[in-house]
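I opened a new page for this one and wanted to get my bearings.

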Amino acid sequence: MSTLIRNLRIEADDYVLLADDVALPASGKVIVSHARWLAERDALLASGLTIGIKLPNTVDIAKVLPEIAERPLIELDFPSFPDGRAYSQARLLAERFQYKGELRATGKAVVRDQFQFLLRCGFTSFELRDGQDPAACLAAVHEFSVPYQQAADHAEPVFLRRRGNAA
């Protein structure tokens with residue numbers, strides 16, 4: 001099991017990411033690709049497993065949400081560091097669609113320097129890459145006390161604080 005930061009706690013991952021060609025286990029929590037979910041939805045639902053969905057960052061959230069909204073976990077991937085489309089997907093899920101399940105970030109942008117931004121966009125868990133210090137990653141969340149812009153976390157940004165102090 002990999003190490004996670006979930007809801008600002010360091011935890012072992014209780015989900016297993018299944019490749020599309022791997023048989024379903026008898027019990028437990030699994031994450032399947034969106035393609036597998038579309039192809040095997042009825043069988044997955046009948047399996048009794050807890051099913052999370054891994055979405056590629058090319059998916060239009062508004063189009064797929066009706067078929068995945070009830071899943072307890074949605075995993076969004078950052079396949080390369082400069083590709084930030086999963087940030088936008090997370091904000092849509094958290095703000096516009098009020099997704100209440102676990103929203104997990106995986107991939108190359110899940111690094112210490114990005115944790116505060118990931119949280120602010122609505123992610124609730126982060127799959128750490130090998131070699132990352134979980135305690136250092138968790139500490140990074142608190143390095144800045146005031147945000148500069150509005151986000152899914154609804155923290156009051158500095159410009160609104162200044163505006164309120166001037167009034």
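**Entry 1: the starting residue.** First a reminder to myself that this is a predicted model. I picked Ser 33 and looked up where it sits: it belongs to strand E4, which covers residues 29–33. Is Ser 33 buried or exposed? The relative accessible area came out at 18%, and since buried means under 20%, Ser 33 counts as buried.

**Entry 2: who Ser 33 meets.** I skipped the neighbours within four places in sequence and found Ser 33 in contact with Asp 20 and Lys 54. With Asp 20 there is a polar contact, side chain to side chain, at 2.6 Å.

Entry 3: I found an open sheet of eight strands, in the order E2-E1-E8-E7-E6-E5-E4-E3, and the pairing is mixed. Which strands stand at the edges? They are E2 (9–12) and E3 (15–17); each has a single partner strand, so one side of each has no neighbour in the sheet. I also noted the twist, which averages 30° from one strand to the next.

**Entry 4: E4 and its partner E5.** I looked at the pairing with strand E5 (residues 50–55) and found it parallel, with five bridges. As a landmark I wrote down Val 32, which stands opposite Ile 53 in E5.

**Entry 5: helices on the sheet.** Next I checked what lies over these strands. Helix H1 (residues 34–46) lies across E4 and E5, and it runs at about 130° to E4. Helix H3 (residues 85–96) packs on the sheet too, where it touches strand E6 (73–78) and strand E7 (102–107). The direction of H3 makes about 155° with that of E6.

**Entry 6: a closer look at H1.** Which residues of H1 are buried? I got His 34, Arg 36, Trp 37 and Leu 44. The buried residues of H1 pack against E4, E5 and helix H2 (61–68).

Then I checked the length. H1 has 13 residues, so at 1.5 Å a residue it should span 18 Å; the end C-alpha atoms are 17 Å apart, which agrees. I also logged a kink of about 90° in H1, centred on Glu 40.

Note on methods: Residues are numbered from 1 along each chain as its sequence is written. This is a predicted model: local features need pLDDT of at least 70, side-chain atom pairs count only at pLDDT 80 or more; totals for chains, interfaces and linings use all residues. Side-chain values use heavy atoms; hydrogens and water are left out. Helices (H or I, at least four residues) and strands (E, at least two) are DSSP runs, numbered from the N terminus. Buried means under 20% relative accessible area, exposed over 50%, partly exposed in between (1.4 Å probe, protein chains only). A polar contact is a pair of N or O atoms within 3.5 Å; within protein, one must be able to donate a hydrogen and the other to accept it, and residues adjacent in sequence count only if both atoms are side-chain atoms. Contact means heavy atoms within 4.5 Å. Two strands pair if DSSP finds at least two bridges between them. Axes are lines fitted to C-alpha atoms, for helices over the stretch in contact, and angles run from 0 to 180 degrees between N-to-C directions. The expected span of a helix is 1.5 Å times one less than its number of residues. The bend at a residue is the angle between axes fitted to the seven residues ending there and the seven starting there.
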